[in-house]
Amino acid sequence: MSAVSAVPAPPRMQCRDVTVRFGGVVAVNSVSLSIPPASIVGLVGPNGAGKSTLFSVLSGLARPNAGEVEFDGTDVTGTSAQHRARLGLARTFQHPEVFSGLTVREHITLAHRISTRRSRIWSDMVTARGFRRAGQEEVERVDSLLEGLRLSRVAAQPVAALSLGMTRLVEIARALAANPTVLLLDEPSSGLDAQETAQVVEVFRLAVERRGVSLLLVEHDMSMVLGLCDYVHVLDFGVKIASGTPDEIRADPAVRAAYLGEEQAPEQGEVTS
Ligand SMILES: Nc1ncnc2c1ncn2[C@@H]1O[C@H](COP(=O)(O)OP(=O)(O)OP(=O)(O)O)[C@@H](O)[C@H]1O
Ligand SMILES: [Mg+2]
C-alpha cells in the first residue's frame, strides 16, 4: 500500500475466513478476499483448487462451514441467492445454465425486467402468448447487450439451437442485463474462440468503466486474467497462496511453482497464456 492518505472505498463485496468442507476434503480453507467498487478481481488456481466452491458461497448457493460474506457492508452469510440477486449480485456458471426453450432476446429481456421490476415476471415467463410489449428503454438496453456480444443475428433463436460458446455469451449478456453491481464470472472464456473472448473482454471493460460494475473473474486463461484484472488471488488446494497485482502475481515464486509451473513460468513482464 502507498502512503497516500485517501481512504479506500469500502468493498462492494467481501468474505472473511471462509471454509467449506466436503467430508474429508477441505475445498476452501479460511479464504478472505474483497471486491472493491468498479474493479476486476481475478481468482485463479489449478483444477479442484476451490474456485467454484467459493463462488457458490459468495452467491448464496452454498453455506460455508465457517466464515462470513458481506455485501455492501451487510452480512449476507445466511441469506439466499435470490436475496443477494436483489441486492445487486449476479453470476455466471462454469457450465452455462439457461432456459433452452427461450430465445436469446427473451433471456436478456427477462433478466432486464427482473432488475427493473416493471412487470409480473413469472406470468411473462409462463404466458403462452409470449412477452408483454417492451418499452423503449428496455429495447435499447437489450439491443445494446445483443450488439456488444455479437448476438443480434441469433436474437430470435431458441438458446437450445446455439453452440456452447454462443450459449455462454447469452449467459453473460443475461447477467449484465440484470444491472448487477457485482458480477461473479466462472470461466467466462471457456468454450469461446479468440474473437468471442476479445468481445467478452471488451464488454467487461465497458461494464466496469461505464456502469461501475465490479467483477470477480475465475479464469484459466492467464493472459486474460493478468491483462484484465486489477488484483488477483491464487488458490491451491483450497488455500490462498498469493494475492497481488498482476505484476506481483507473475513474479511470485509460490505461484510460479504451484500454478504456472516453474518450467513454463513467464519472464517478468511477459504475459503468456
Ligand atoms: N458437491 C461436492 N461434493 C464433494 N466434493 C466437492 C463438491 N464440489 C466440489 N468438491 C470438491 O471440492 C474441491 C474444490 O472443487 P471446485 O469445483 O471448487 O474447484 P475449482 O477450483 O472450481 O476447479 P476447476 O478449475 O476444475 O473448476 C475439489 O476437490 C472437488 O472435488
Ligand atoms: Mg470450477
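Mentor: Let us begin with helix α1, which is mostly covered: 9 of its 9 residues are buried. A residue is termed buried if 20 or more other C-beta atoms lie within 10 Å of its own, exposed if 12 or fewer, and partly exposed in between, with C-beta atoms placed from the backbone. Helices (H or I, at least four residues) and strands (E, at least two) are DSSP runs, numbered from the N terminus.

Trainee: Which are the buried residues of α1?

Mentor: They are K51, S52, T53, L54, F55, S56, V57, L58 and S59. G60, with a positive phi near 100°, follows α1. In the protein, buried residues make up 39% of the 273 residues.

Trainee: What kind of model is this, and how are its parts numbered?

Mentor: This is a predicted model, in which local features need pLDDT of at least 70 and side-chain atom pairs count only at pLDDT 80 or more, while totals for chains, interfaces and linings use all residues. Residues are numbered from 1 along each chain as its sequence is written, and chains are lettered from A and ligands numbered from 1 in the order in which they are written.

Trainee: What is the mean pLDDT of the protein?

Mentor: pLDDT is the predictor's confidence in each residue, from 0 to 100. Here the mean is 87, and 86% of the residues reach 70 or more. Over residues 263-273 the pLDDT is below 50, and this stretch has 15 contacts in the model beyond near neighbours in sequence. Two residues are in contact if their C-beta atoms, placed from the backbone, lie within 7 Å.

Trainee: Which residues are around ligand 1?

Mentor: A residue is near a molecule if its C-beta atom, placed from the backbone, lies within 6 Å of it. Around ligand 1 these are F22, V25, A27, G45, N47, G48, A49, G50, K51, S52, T53 and Q94. The largest share, 3 residues, comes from α1.

Trainee: On what does α1 pack, and which strands does it touch?

Mentor: Strands of a sheet pair through backbone hydrogen bonds, either parallel or antiparallel. Two strands are said to pair if DSSP finds at least two bridges between them. One open sheet has 4 strands in the order β2-β1-β4-β5, with antiparallel pairing. Its edge strands are β2 and β5 (74-75), each with a single partner strand, so one side of each lacks a neighbour in the sheet. α1 packs on this sheet, touching β1, β2 and β4 (66-71), and its direction makes about 120° with that of β1. Such angles run from 0 to 180 degrees between N-to-C directions, and axes are lines fitted to C-alpha atoms, for helices over the stretch in contact.

Trainee: How many bridges join β1 to β2?

Mentor: Strand β1 (residues 13-22) is joined to β2 by 7 bridges. R21 has V26 of β2 as its bridge partner, and V20 has V28. The two strands form a hairpin with 2 residues between them, and G23 in the turn has a positive phi of about 60°.

Trainee: What is the strand order of the open sheet of 6 strands?

Mentor: The order is β6-β7-β8-β3-β9-β10, with mixed pairing. β6 (89-92) and β10 (239-244) stand at its edges, each with a single partner strand, so one side of each is left without a neighbour in the sheet. From one strand to the next, the twist averages 15°. Within this sheet, β3 (residues 40-44) and β8 (residues 214-218) pair in the parallel sense over 4 bridges; G42 has L217 of β8 as its bridge partner. Helix α6 (residues 164-177) lies across β6 and β7 (182-186), running at about 180° to β6.

Trainee: Where is D72 found, and what is its phi?

Mentor: Most residues other than glycine have a negative phi. D72 is found in the loop between β4 and β5, and its phi is positive, near 50°. D72 is partly exposed, with 15 other C-beta atoms within 10 Å.
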